[in-house]
Amino acid sequence: MNQLTSLSIARSYSFAPSTAAVLRRQSFLIRALGGGSHSKFHSTAGSTMQETEADAGADLSHVFCTKDAAPVIKSYSPELIVHPVLEESYSVREEERKQVSAKVVAEVDKWMERFDCLVVGPGLGRDPFLLDCVSEIMKQARHSNVPIVVDGDGLFLVTNSLDLVHGYPLAVLTPNVNEYKRLVQKVLKCEVDDADAPGQLASLAKQIGGVTILRKGRSDLISDGDIVNSVSIYGSPRRCGGQGDILSGSVAVFLSWARQPLVAADRNPTVLGCIAGSALLRKAASLAFETRKRSTLTTDIIDCLGISLEDICPTY
């Protein structure tokens, strides 16, 4: 059991109310990332943010994990708010599971109204008891109308329990090649068809009730079942472990921005969030590779996120 990487369940992003100036800034950023020439996409049918004009971002990040994982996760950054409330099968007796599960879900749910988005999957693991708890947390998030971005082992959970996201328009799935293959086999009962990748992706999203799917690849394909977008801005020839975690977090931030009516009222916020997150990560990965080449790590890409955003959408 890997107690450092398999126990974190989700990252949630919380934002303070924005001023009109910040909303304008967010709108400009979203449209620059999600629809400008830098994104190179096409569509086909089928701390508190006070009264300033400071750039907006993810204000608070909450991480729900087990007690064993909490000290290490907290050491990553003083900005993380760590909740060591999760339990795994080995630490819970059979006769106590119902009671412990209810307690875990209640501990997360009491924070739910503060969250603008929930990211489920990075570092989650596949412990049966933990997955049962996460399923209930996702149901609570859906009941509270909180967007859910599902990545990594969260996709393993969703693929085997499609009802968790089926028909929920604020759900985003971000599968890699193998995760996408399993989704296609489970939902469409066929193999991946790269010859008609956009059409198959749209069909898959529609079959899951209109969720948005970001299929990661040489070009990232994004669909909510009605349209298909392709983000082909050049990234890095080297793939790093954890790169998908940056993407899911970025999508969560931009999705939350895009839900604000003054930012992008004319677009599906989940699709726009995916396009923006994909464009930002690809640019950051490209910048990191220019310096680090084949030794590029995920931390190098994180260091380039600010430069990437500034390059695509200058502050002044």
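Me: Leaving aside its neighbours within four places in sequence, with which residues is S135 in contact?
Reply: In this predicted model, S135 has its place in helix α4, which covers residues 128-143. Once the neighbours within four places in sequence are set aside, the residues in contact with S135 are L157 and L164.

Me: Is S135 buried or exposed?
Reply: A residue is called buried when its relative accessible area is under 20%. The relative accessibility of S135 is 10%, so this residue of the predicted model counts as buried.

Me: Which residues are in contact with E179, leaving aside its neighbours within four places in sequence?
Reply: E179 is found in helix α6, residues 177-187. Its relative accessibility is 12%, and therefore E179 counts as buried. Beyond four places in sequence, the contacts of E179 are D151, G152, L155 and T174.

Me: How does G123 count in terms of relative accessibility: buried, partly exposed or exposed?
Reply: G123 lies in the loop between β5 (117-120) and α4. Buried requires a value under 20% and exposed a value over 50%. G123 has 26% relative accessibility, so it counts as partly exposed.

Me: Which elements give two or more residues to the lining of the second largest pocket?
Reply: The second largest pocket has a volume of about 450 Å³. Of the 19 residues that line it, G217, R218, S236, R239 and R282 are the closest to its centre. The elements that give two or more residues to this lining are α8 (243-258) and α10 (269-292).

Me: How many residues of the lining of the second largest pocket are charged?
Reply: The lining divides by residue class into seven nonpolar and seven polar residues, together with a charged group. The number of charged residues in the lining is five.

Me: How far apart are the end C-alpha atoms of α10?
Reply: At 1.5 Å a residue, the 24 residues of α10 should span 34 Å. The predicted helix agrees with this expectation, because its end C-alpha atoms are 34 Å apart.

Me: How many of the 24 residues of α10 are buried?
Reply: Helix α10 is largely enclosed by the rest of the structure. This follows from the count of its buried residues, which is 20.

Me: Which residue just after α10 takes a positive phi?
Reply: The phi in question is about 50 degrees. The residue that takes this positive value just after α10 is K293.

Methods:
Residues are numbered from 1 along each chain as its sequence is written. This is a predicted model: local features need pLDDT of at least 70, side-chain atom pairs count only at pLDDT 80 or more; totals for chains, interfaces and linings use all residues. Side-chain values use heavy atoms; hydrogens and water are left out. On a 1 Å grid over the protein atoms alone, a cavity is a set of points where a 1.4 Å probe fits but cannot get out, and a pocket is an open set with protein on both sides within 12 Å along at least five of seven lines; lining residues have an atom within 4 Å of a point. Grid points are joined across faces, edges and corners, and a volume is the space filled by probe spheres set on the points. Helices (H or I, at least four residues) and strands (E, at least two) are DSSP runs, numbered from the N terminus. Ala, Val, Leu, Ile, Met, Phe, Trp, Tyr, Cys and Pro count as nonpolar, Asp, Glu, Lys and Arg as charged, and the others, Gly among them, as polar. Buried means under 20% relative accessible area, exposed over 50%, partly exposed in between (1.4 Å probe, protein chains only). Contact means heavy atoms within 4.5 Å. The expected span of a helix is 1.5 Å times one less than its number of residues.
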